[in-house]
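The sequence and structure come first, followed by short notes grouped by topic.

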Amino acid sequence: MALTIHNNLTNRKEEFVPLVPGKVSMYVCGVTVYDDIHMGHARSMIVFDTIARYLRHLGYEVTFATNFTDVDDKILIRAAAEGIDPLELSARYIEEYFKDAESLGIGRADIYPKASESIDDIIAMVRDIIGKGHGYAADDGSVYFSVRSMPDYGKLSNRRIEDLESSGRTEADANKRDPLDFAVWKGAEADGLCIWESPWGCGRPGWHIECSAMIRRHFGDTVDIHGGGNDLIFPHHENEILQSEAVTGKPLANYWIHNGMLQVKGVGNSMEEKMSKSLGNFFRVKDVAERYDSRTIRFYFLNTHYSSPLVYGEDMLAAAQAAVRRLWNNHAELKACMRDGPEEGDDAQGLVDEARTRFAEAMDDDFNTRAAIEALFQLARATNRMMGEHALSRAGAAAAVGLLEEADAVLGILGDADADGGEDIGAVMDILIGLRRELRSRKLYDLTDRIRDELAAAGYALEDTADGVRWKRI
Ligand SMILES: [Zn+2]
(Lines give C-alpha, C1' and ligand atoms only; values in the text may rest on other atoms or scores of the structure.)
Protein backbone atom coordinates (compact mmCIF):
# COMPACT_ATOMS: atom_id res chain seq x y z
CA MET A 1 0.00 0.00 0.00
CA ALA A 2 1.23 3.46 -0.82
CA LEU A 3 1.49 6.33 1.61
CA THR A 4 -1.49 8.65 1.44
CA ILE A 5 -1.64 12.12 2.95
CA HIS A 6 -4.66 14.27 3.66
CA ASN A 7 -3.66 17.35 1.70
CA ASN A 8 -5.18 20.53 3.11
CA LEU A 9 -4.77 22.22 -0.26
CA THR A 10 -7.15 19.84 -2.04
CA ASN A 11 -8.95 18.71 1.09
CA ARG A 12 -8.64 15.05 0.19
CA LYS A 13 -6.35 12.10 0.73
CA GLU A 14 -3.79 11.74 -2.00
CA GLU A 15 -1.08 9.25 -2.73
CA PHE A 16 2.27 10.76 -1.79
CA VAL A 17 4.52 11.25 -4.81
CA PRO A 18 7.62 13.34 -4.13
CA LEU A 19 9.10 15.70 -6.70
CA VAL A 20 12.32 13.69 -6.86
CA PRO A 21 11.91 9.92 -6.47
CA GLY A 22 13.32 8.71 -3.16
CA LYS A 23 13.74 12.19 -1.71
CA VAL A 24 11.45 14.34 0.42
CA SER A 25 11.77 18.04 1.13
CA MET A 26 9.79 19.15 4.15
CA TYR A 27 9.38 22.59 5.69
CA VAL A 28 7.52 23.20 8.95
CA CYS A 29 6.87 26.63 10.43
CA GLY A 30 8.73 26.82 13.70
CA VAL A 31 8.55 29.03 16.75
CA THR A 32 9.01 32.69 17.55
CA VAL A 33 11.82 32.56 20.06
CA TYR A 34 10.94 35.06 22.76
CA ASP A 35 9.98 32.67 25.56
CA ASP A 36 10.03 28.99 26.54
CA ILE A 37 7.99 26.66 24.34
CA HIS A 38 4.71 25.23 25.60
CA MET A 39 2.83 21.98 25.10
CA GLY A 40 1.03 23.37 22.03
CA HIS A 41 4.43 23.71 20.33
CA ALA A 42 5.37 20.26 21.62
CA ARG A 43 2.43 18.71 19.78
CA SER A 44 3.45 20.20 16.45
CA MET A 45 7.11 19.27 17.00
CA ILE A 46 6.29 15.66 17.91
CA VAL A 47 3.82 15.27 15.01
CA PHE A 48 6.29 16.45 12.37
CA ASP A 49 9.22 14.65 13.97
CA THR A 50 7.18 11.43 13.74
CA ILE A 51 6.21 12.14 10.12
CA ALA A 52 9.89 12.70 9.23
CA ARG A 53 10.85 9.49 11.06
CA TYR A 54 8.19 7.52 9.18
CA LEU A 55 9.27 8.89 5.80
CA ARG A 56 12.84 7.83 6.64
CA HIS A 57 11.54 4.43 7.79
CA LEU A 58 9.99 4.07 4.31
CA GLY A 59 13.44 4.66 2.84
CA TYR A 60 13.13 8.27 1.75
CA GLU A 61 16.05 10.61 2.08
CA VAL A 62 14.35 13.43 3.98
CA THR A 63 15.56 17.02 4.22
CA PHE A 64 13.64 18.61 7.06
CA ALA A 65 13.76 22.34 7.73
CA THR A 66 12.03 24.22 10.52
CA ASN A 67 12.64 27.89 11.11
CA PHE A 68 13.27 30.15 14.07
CA THR A 69 11.51 33.48 13.87
CA ASP A 70 14.16 35.45 15.70
CA VAL A 71 13.10 38.86 14.40
CA ASP A 72 9.64 39.81 15.46
CA ASP A 73 7.92 42.68 17.20
CA LYS A 74 7.37 40.59 20.35
CA ILE A 75 11.10 39.89 20.51
CA LEU A 76 12.00 43.54 19.90
CA ILE A 77 9.64 44.73 22.63
CA ARG A 78 10.79 42.15 25.17
CA ALA A 79 14.48 42.75 24.43
CA ALA A 80 13.97 46.49 24.84
CA ALA A 81 12.27 45.85 28.19
CA GLU A 82 15.25 43.76 29.33
CA GLY A 83 17.72 46.25 27.86
CA ILE A 84 19.46 43.64 25.72
CA ASP A 85 20.08 43.03 22.04
CA PRO A 86 17.11 41.26 20.37
CA LEU A 87 19.41 38.59 18.96
CA GLU A 88 20.80 37.92 22.42
CA LEU A 89 17.27 37.30 23.64
CA SER A 90 16.39 35.02 20.73
CA ALA A 91 19.70 33.11 21.03
CA ARG A 92 18.85 32.39 24.67
CA TYR A 93 15.47 30.92 23.74
CA ILE A 94 16.87 28.96 20.81
CA GLU A 95 19.21 27.28 23.28
CA GLU A 96 16.25 26.52 25.56
CA TYR A 97 14.29 25.22 22.57
CA PHE A 98 16.96 22.61 21.86
CA LYS A 99 16.99 21.49 25.49
CA ASP A 100 13.20 21.16 25.49
CA ALA A 101 13.21 19.37 22.11
CA GLU A 102 15.64 16.85 23.56
CA SER A 103 13.33 16.25 26.52
CA LEU A 104 10.60 15.41 23.98
CA GLY A 105 12.79 12.92 22.12
CA ILE A 106 12.79 15.15 19.02
CA GLY A 107 15.50 14.39 16.47
CA ARG A 108 17.44 17.31 15.03
CA ALA A 109 16.05 18.83 11.83
CA ASP A 110 18.50 19.14 8.96
CA ILE A 111 18.16 22.91 8.61
CA TYR A 112 17.15 25.56 11.13
CA PRO A 113 16.90 28.76 9.11
CA LYS A 114 16.74 31.96 11.14
CA ALA A 115 15.03 35.13 10.00
CA SER A 116 18.05 37.16 11.10
CA GLU A 117 20.29 35.12 8.79
CA SER A 118 17.88 35.30 5.85
CA ILE A 119 17.66 39.06 5.38
CA ASP A 120 19.38 39.03 1.97
CA ASP A 121 17.00 36.31 0.76
CA ILE A 122 14.04 38.24 2.15
CA ILE A 123 15.10 41.47 0.47
CA ALA A 124 15.60 39.62 -2.84
CA MET A 125 12.11 38.14 -2.53
CA VAL A 126 10.53 41.52 -1.77
CA ARG A 127 12.34 43.02 -4.76
CA ASP A 128 10.98 40.25 -7.00
CA ILE A 129 7.44 40.74 -5.66
CA ILE A 130 7.62 44.42 -6.62
CA GLY A 131 9.33 43.61 -9.94
CA LYS A 132 6.55 41.26 -10.95
CA GLY A 133 3.88 43.82 -10.15
CA HIS A 134 2.54 42.14 -7.02
CA GLY A 135 3.72 44.66 -4.48
CA TYR A 136 4.61 48.31 -3.99
CA ALA A 137 6.75 50.48 -1.76
CA ALA A 138 4.69 52.95 0.26
CA ASP A 139 5.53 56.35 1.67
CA ASP A 140 6.14 54.96 5.16
CA GLY A 141 9.09 52.85 3.93
CA SER A 142 7.02 49.66 4.02
CA VAL A 143 6.43 47.33 1.11
CA TYR A 144 2.94 45.90 0.74
CA PHE A 145 1.71 42.85 -1.14
CA SER A 146 -1.20 43.54 -3.50
CA VAL A 147 -3.59 40.77 -2.56
CA ARG A 148 -5.94 41.44 -5.48
CA SER A 149 -3.10 40.89 -7.95
CA MET A 150 -3.37 37.12 -7.34
CA PRO A 151 -6.45 35.62 -8.96
CA ASP A 152 -6.48 32.37 -7.00
CA TYR A 153 -6.41 34.00 -3.58
CA GLY A 154 -7.69 31.82 -0.72
CA LYS A 155 -7.10 28.38 -2.20
CA LEU A 156 -5.68 26.89 1.01
CA SER A 157 -8.08 28.38 3.54
CA ASN A 158 -11.05 28.43 1.13
CA ARG A 159 -11.57 32.11 1.75
CA ARG A 160 -12.73 34.52 -0.88
CA ILE A 161 -11.84 38.17 -1.19
CA GLU A 162 -15.47 39.03 -0.41
CA ASP A 163 -15.26 37.06 2.88
CA LEU A 164 -12.18 39.01 3.84
CA GLU A 165 -13.80 42.31 3.06
CA SER A 166 -16.76 41.54 5.27
CA SER A 167 -14.74 39.92 8.07
CA GLY A 168 -13.47 43.15 9.56
CA ARG A 169 -10.01 41.56 9.80
CA THR A 170 -8.44 43.85 7.26
CA GLU A 171 -6.68 46.98 8.38
CA ALA A 172 -7.25 50.25 6.61
CA ASP A 173 -4.06 52.28 6.47
CA ALA A 174 -3.29 55.45 4.56
CA ASN A 175 -0.11 53.84 3.25
CA LYS A 176 -1.89 50.85 1.72
CA ARG A 177 -3.57 51.04 -1.65
CA ASP A 178 -6.09 48.48 -0.48
CA PRO A 179 -7.03 47.44 3.08
CA LEU A 180 -6.52 43.78 2.05
CA ASP A 181 -2.81 44.33 1.43
CA PHE A 182 -0.24 43.17 3.97
CA ALA A 183 3.34 44.20 4.70
CA VAL A 184 6.19 42.12 3.34
CA TRP A 185 8.64 44.73 4.64
CA LYS A 186 7.82 46.98 7.59
CA GLY A 187 9.33 50.44 7.42
CA ALA A 188 10.74 51.91 10.61
CA GLU A 189 9.13 55.27 10.03
CA ALA A 190 5.88 54.40 11.79
CA ASP A 191 7.31 53.01 15.02
CA GLY A 192 11.06 53.63 14.95
CA LEU A 193 11.95 49.92 14.94
CA CYS A 194 14.92 50.18 12.58
CA ILE A 195 16.76 46.84 12.45
CA TRP A 196 18.08 46.41 8.89
CA GLU A 197 18.70 48.68 5.96
CA SER A 198 16.87 47.82 2.78
CA PRO A 199 16.36 49.42 -0.64
CA TRP A 200 13.14 50.87 0.84
CA GLY A 201 14.71 52.28 3.96
CA CYS A 202 15.39 50.92 7.40
CA GLY A 203 12.97 48.38 8.88
CA ARG A 204 12.36 44.67 9.32
CA PRO A 205 10.63 41.82 7.50
CA GLY A 206 6.87 41.35 7.60
CA TRP A 207 5.44 38.34 9.39
CA HIS A 208 5.04 35.97 6.45
CA ILE A 209 7.93 36.72 4.13
CA GLU A 210 10.66 34.76 5.94
CA CYS A 211 9.11 31.34 5.24
CA SER A 212 8.73 32.13 1.54
CA ALA A 213 12.34 33.31 1.36
CA MET A 214 13.69 30.36 3.37
CA ILE A 215 11.88 27.75 1.27
CA ARG A 216 13.12 29.38 -1.93
CA ARG A 217 16.67 29.46 -0.56
CA HIS A 218 16.83 25.90 0.72
CA PHE A 219 14.43 24.01 -1.54
CA GLY A 220 13.79 26.08 -4.67
CA ASP A 221 10.34 26.89 -6.02
CA THR A 222 8.38 23.98 -4.57
CA VAL A 223 8.69 21.90 -1.43
CA ASP A 224 7.10 18.44 -1.16
CA ILE A 225 5.53 18.90 2.27
CA HIS A 226 4.74 22.13 4.07
CA GLY A 227 3.51 21.78 7.64
CA GLY A 228 2.48 23.68 10.71
CA GLY A 229 -0.33 24.12 13.17
CA ASN A 230 -3.78 24.63 11.66
CA ASP A 231 -3.93 28.10 13.21
CA LEU A 232 -1.35 29.07 10.57
CA ILE A 233 -3.55 28.21 7.59
CA PHE A 234 -4.93 31.72 7.59
CA PRO A 235 -3.44 34.18 7.15
CA HIS A 236 0.15 32.93 7.44
CA HIS A 237 0.17 30.05 4.98
CA GLU A 238 -2.24 31.72 2.62
CA ASN A 239 0.12 34.68 2.46
CA GLU A 240 3.20 32.48 2.06
CA ILE A 241 1.47 31.01 -1.02
CA LEU A 242 0.73 34.48 -2.41
CA GLN A 243 4.29 35.72 -1.96
CA SER A 244 6.04 32.62 -3.30
CA GLU A 245 3.71 31.89 -6.19
CA ALA A 246 3.72 35.55 -7.25
CA VAL A 247 7.48 35.28 -7.68
CA THR A 248 7.93 31.73 -9.01
CA GLY A 249 4.63 30.99 -10.75
CA LYS A 250 4.92 27.46 -9.29
CA PRO A 251 3.10 25.78 -6.39
CA LEU A 252 4.83 26.59 -3.10
CA ALA A 253 4.11 23.11 -1.72
CA ASN A 254 2.54 19.96 -3.12
CA TYR A 255 1.22 18.64 0.21
CA TRP A 256 0.02 20.83 3.07
CA ILE A 257 -0.24 19.12 6.45
CA HIS A 258 -1.59 20.86 9.56
CA ASN A 259 -1.76 19.53 13.08
CA GLY A 260 -4.85 20.20 15.20
CA MET A 261 -4.64 22.63 18.08
CA LEU A 262 -3.95 21.67 21.64
CA GLN A 263 -6.73 23.24 23.64
CA VAL A 264 -7.29 23.91 27.29
CA LYS A 265 -10.53 24.27 29.12
CA GLY A 266 -11.55 27.91 29.06
CA VAL A 267 -11.44 29.72 32.35
CA GLY A 268 -14.85 30.15 33.92
CA ASN A 269 -16.77 28.34 31.22
CA SER A 270 -16.74 25.07 29.39
CA MET A 271 -15.46 26.48 26.10
CA GLU A 272 -12.18 25.13 24.89
CA GLU A 273 -9.60 27.52 23.64
CA LYS A 274 -6.26 27.22 21.90
CA MET A 275 -3.22 26.94 24.15
CA SER A 276 -1.26 30.05 23.43
CA LYS A 277 1.14 32.48 24.92
CA SER A 278 -1.13 35.41 24.29
CA LEU A 279 -4.08 33.80 26.10
CA GLY A 280 -1.87 33.00 29.09
CA ASN A 281 -3.22 29.45 29.33
CA PHE A 282 -0.10 27.56 28.39
CA PHE A 283 1.88 24.76 30.04
CA ARG A 284 5.62 24.98 29.55
CA VAL A 285 7.38 21.89 28.20
CA LYS A 286 10.01 22.37 30.90
CA ASP A 287 7.46 22.07 33.70
CA VAL A 288 5.72 19.06 32.19
CA ALA A 289 9.04 17.32 31.44
CA GLU A 290 9.91 17.49 35.13
CA ARG A 291 7.03 15.12 35.77
CA TYR A 292 6.71 13.03 32.63
CA ASP A 293 9.36 11.47 30.42
CA SER A 294 9.49 12.02 26.66
CA ARG A 295 8.01 8.58 25.94
CA THR A 296 4.86 9.32 27.89
CA ILE A 297 4.46 12.79 26.37
CA ARG A 298 4.95 11.40 22.85
CA PHE A 299 2.47 8.60 23.52
CA TYR A 300 -0.06 11.14 24.81
CA PHE A 301 0.13 13.14 21.58
CA LEU A 302 0.51 10.25 19.13
CA ASN A 303 -2.42 8.35 20.57
CA THR A 304 -4.67 10.94 18.89
CA HIS A 305 -4.74 11.60 15.15
CA TYR A 306 -2.50 14.56 14.39
CA SER A 307 -5.26 16.56 12.73
CA SER A 308 -7.80 16.23 15.56
CA PRO A 309 -8.10 18.85 18.26
CA LEU A 310 -6.93 17.66 21.65
CA VAL A 311 -7.98 19.03 25.02
CA TYR A 312 -5.05 19.13 27.42
CA GLY A 313 -5.23 18.06 31.02
CA GLU A 314 -2.56 16.77 33.37
CA ASP A 315 -4.90 13.89 34.25
CA MET A 316 -4.65 12.81 30.62
CA LEU A 317 -0.87 12.59 30.89
CA ALA A 318 -1.25 10.42 33.98
CA ALA A 319 -3.67 8.18 32.05
CA ALA A 320 -1.26 8.08 29.10
CA GLN A 321 1.52 7.05 31.46
CA ALA A 322 -0.51 4.17 32.85
CA ALA A 323 -1.48 3.05 29.33
CA VAL A 324 1.95 3.22 27.73
CA ARG A 325 3.44 1.43 30.71
CA ARG A 326 1.47 -1.67 29.67
CA LEU A 327 3.42 -1.65 26.43
CA TRP A 328 6.72 -1.20 28.30
CA ASN A 329 5.90 -4.10 30.61
CA ASN A 330 5.05 -6.30 27.64
CA HIS A 331 8.34 -5.32 25.98
CA ALA A 332 10.29 -6.17 29.16
CA GLU A 333 8.50 -9.50 29.59
CA LEU A 334 9.08 -10.42 25.95
CA LYS A 335 12.79 -9.72 26.41
CA ALA A 336 12.83 -11.96 29.48
CA CYS A 337 11.00 -14.64 27.47
CA MET A 338 13.69 -14.40 24.77
CA ARG A 339 16.22 -15.46 27.43
CA ASP A 340 14.24 -17.76 29.70
CA GLY A 341 11.14 -18.83 27.76
CA PRO A 342 10.52 -22.27 26.22
CA GLU A 343 12.77 -23.28 23.33
CA GLU A 344 9.85 -25.05 21.72
CA GLY A 345 6.49 -23.40 21.35
CA ASP A 346 4.53 -20.92 19.30
CA ASP A 347 6.78 -18.76 17.14
CA ALA A 348 4.01 -16.10 16.89
CA GLN A 349 5.00 -15.46 13.28
CA GLY A 350 1.41 -15.01 12.11
CA LEU A 351 0.68 -12.54 14.90
CA VAL A 352 3.84 -10.52 14.35
CA ASP A 353 3.29 -10.39 10.59
CA GLU A 354 -0.26 -9.23 11.11
CA ALA A 355 0.86 -6.52 13.56
CA ARG A 356 3.55 -5.36 11.12
CA THR A 357 0.99 -5.11 8.32
CA ARG A 358 -1.53 -3.27 10.49
CA PHE A 359 1.14 -0.85 11.71
CA ALA A 360 2.23 -0.08 8.14
CA GLU A 361 -1.34 0.28 6.88
CA ALA A 362 -2.16 2.67 9.70
CA MET A 363 0.90 4.85 9.14
CA ASP A 364 0.38 4.78 5.36
CA ASP A 365 -3.15 6.02 5.96
CA ASP A 366 -2.31 9.69 6.60
CA PHE A 367 0.09 8.89 9.46
CA ASN A 368 -2.61 7.36 11.66
CA THR A 369 -0.43 6.90 14.73
CA ARG A 370 -3.43 6.07 16.91
CA ALA A 371 -4.28 2.98 14.83
CA ALA A 372 -0.57 2.12 14.59
CA ILE A 373 -0.30 2.14 18.40
CA GLU A 374 -3.44 0.01 18.66
CA ALA A 375 -1.75 -2.61 16.46
CA LEU A 376 1.09 -2.77 19.00
CA PHE A 377 -1.36 -3.13 21.90
CA GLN A 378 -3.12 -5.98 20.10
CA LEU A 379 0.19 -7.78 19.73
CA ALA A 380 0.97 -7.09 23.40
CA ARG A 381 -2.34 -8.53 24.56
CA ALA A 382 -1.86 -11.66 22.45
CA THR A 383 1.76 -12.24 23.50
CA ASN A 384 0.92 -11.57 27.18
CA ARG A 385 -1.73 -14.25 27.00
CA MET A 386 0.69 -16.70 25.37
CA MET A 387 3.41 -15.97 27.93
CA GLY A 388 0.85 -16.51 30.70
CA GLU A 389 0.31 -19.99 29.28
CA HIS A 390 4.06 -20.55 28.74
CA ALA A 391 3.20 -21.07 25.08
CA LEU A 392 5.39 -18.42 23.44
CA SER A 393 8.78 -19.66 22.23
CA ARG A 394 12.01 -17.70 22.56
CA ALA A 395 11.99 -17.17 18.80
CA GLY A 396 8.40 -15.90 18.97
CA ALA A 397 9.32 -13.45 21.74
CA ALA A 398 12.32 -12.26 19.71
CA ALA A 399 10.10 -11.66 16.67
CA ALA A 400 7.64 -9.62 18.75
CA VAL A 401 10.47 -7.58 20.31
CA GLY A 402 11.86 -6.97 16.83
CA LEU A 403 8.56 -5.54 15.64
CA LEU A 404 8.05 -3.39 18.74
CA GLU A 405 11.49 -1.87 18.37
CA GLU A 406 11.07 -1.37 14.62
CA ALA A 407 7.81 0.50 15.25
CA ASP A 408 9.42 2.46 18.03
CA ALA A 409 12.08 3.84 15.72
CA VAL A 410 9.12 5.78 14.27
CA LEU A 411 7.04 6.51 17.38
CA GLY A 412 9.62 6.89 20.16
CA ILE A 413 7.24 5.71 22.89
CA LEU A 414 8.95 2.60 24.32
CA GLY A 415 10.39 3.23 27.75
CA ASP A 416 12.23 1.14 30.24
CA ALA A 417 9.81 -0.81 32.42
CA ASP A 418 12.69 -1.65 34.76
CA ALA A 419 13.42 2.01 35.48
CA ASP A 420 13.40 2.94 39.14
CA GLY A 421 9.68 3.61 39.23
CA GLY A 422 10.11 7.26 38.36
CA GLU A 423 8.06 6.67 35.25
CA ASP A 424 4.82 5.68 36.93
CA ILE A 425 5.05 7.72 40.09
CA GLY A 426 2.23 10.00 38.92
CA ALA A 427 -0.62 7.69 39.92
CA VAL A 428 0.90 7.14 43.38
CA MET A 429 1.45 10.87 43.86
CA ASP A 430 -2.17 11.52 42.97
CA ILE A 431 -3.25 9.10 45.69
CA LEU A 432 -1.01 10.78 48.27
CA ILE A 433 -2.16 14.27 47.27
CA GLY A 434 -5.80 13.17 47.56
CA LEU A 435 -5.15 11.63 50.97
CA ARG A 436 -3.38 14.77 52.15
CA ARG A 437 -6.32 16.90 51.01
CA GLU A 438 -8.67 14.67 53.02
CA LEU A 439 -6.45 14.87 56.12
CA ARG A 440 -6.26 18.64 55.77
CA SER A 441 -10.05 18.92 55.61
CA ARG A 442 -10.10 17.04 58.94
CA LYS A 443 -7.49 19.48 60.28
CA LEU A 444 -4.96 16.69 60.89
CA TYR A 445 -2.09 19.03 60.07
CA ASP A 446 0.61 16.95 61.71
CA LEU A 447 -0.15 14.19 59.21
CA THR A 448 -0.37 16.53 56.20
CA ASP A 449 2.99 18.01 57.18
CA ARG A 450 4.46 14.57 57.60
CA ILE A 451 3.39 13.55 54.08
CA ARG A 452 4.94 16.71 52.64
CA ASP A 453 8.17 16.36 54.64
CA GLU A 454 8.66 12.69 53.93
CA LEU A 455 8.01 13.22 50.23
CA ALA A 456 10.58 16.03 50.28
CA ALA A 457 13.06 13.68 51.93
CA ALA A 458 12.34 11.16 49.17
CA GLY A 459 12.97 13.83 46.52
CA TYR A 460 9.49 15.13 45.68
CA ALA A 461 8.14 18.60 46.37
CA LEU A 462 4.46 19.47 46.70
CA GLU A 463 3.36 22.92 45.61
CA ASP A 464 0.05 24.59 46.31
CA THR A 465 -1.15 26.37 43.15
CA ALA A 466 -4.38 28.00 42.03
CA ASP A 467 -5.20 24.77 40.20
CA GLY A 468 -4.64 22.58 43.24
CA VAL A 469 -1.59 20.76 44.51
CA ARG A 470 1.13 19.85 42.02
CA TRP A 471 4.24 17.80 42.55
CA LYS A 472 7.70 17.79 41.05
CA ARG A 473 11.01 16.07 41.47
CA ILE A 474 13.59 18.04 43.44
ZN1 LIG B 1 5.72 29.92 7.97
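Helix α9, which spans residues 294-302, is mostly covered, with eight of its nine residues buried. The model is a predicted one. Of the 474 residues in the protein, 54% count as buried.

**Helix α9**

- The buried residues of α9 are Ser294, Thr296, Ile297, Arg298, Phe299, Tyr300, Phe301 and Leu302.
- The N-terminal end of α9 is capped by Asp293. A side-chain oxygen of Asp293 lies 3.1 Å from the backbone nitrogen of Arg295.

- Cys211 sits in helix α6 (residues 209-219) and Glu240 in helix α7 (residues 233-248). These two residues are 29 residues apart, and the pair links distant parts of the chain.
- Cys211 is buried because its relative accessible area is 2%, under the 20% cut-off.
- Glu240 is also buried, with a relative accessible area of 0%.

**Domains and their contact**

- The protein is divided into domain 1 (4-259), domain 2 (265-411) and domain 3 (424-473).
- The C-alpha centres of domain 1 and domain 2 are 33 Å apart. The contact between these two domains takes 32 residues from domain 1 and 37 residues from domain 2.
- Between them, domain 1 and domain 2 bury about 3,100 Å², and 61% of this area is on carbon and sulfur atoms.
- Which three residues supply more of the area that domain 1 buries against domain 2 than any other three? They are Met39, Arg43 and Tyr54, which supply 26% of that area.

**Whole protein**

- The protein has 15 helices and 15 strands.
- Its C-alpha atoms fill a box of roughly 80 × 60 × 40 Å, taken along the principal axes.
- Among contacts between residues at least 6 apart in sequence, 74% join residues at least 24 apart.

Key. Residues are numbered from 1 along each chain as its sequence is written. This is a predicted model: local features need pLDDT of at least 70, side-chain atom pairs count only at pLDDT 80 or more; totals for chains, interfaces and linings use all residues. Side-chain values use heavy atoms; hydrogens and water are left out. Helices (H or I, at least four residues) and strands (E, at least two) are DSSP runs, numbered from the N terminus. Buried means under 20% relative accessible area, exposed over 50%, partly exposed in between (1.4 Å probe, protein chains only). A polar contact is a pair of N or O atoms within 3.5 Å; within protein, one must be able to donate a hydrogen and the other to accept it, and residues adjacent in sequence count only if both atoms are side-chain atoms. Domain bounds come from an automatic or database domain assignment. Contact means heavy atoms within 4.5 Å. Buried area is the accessible area (1.4 Å probe) that two parts lose on being put together, summed over both.
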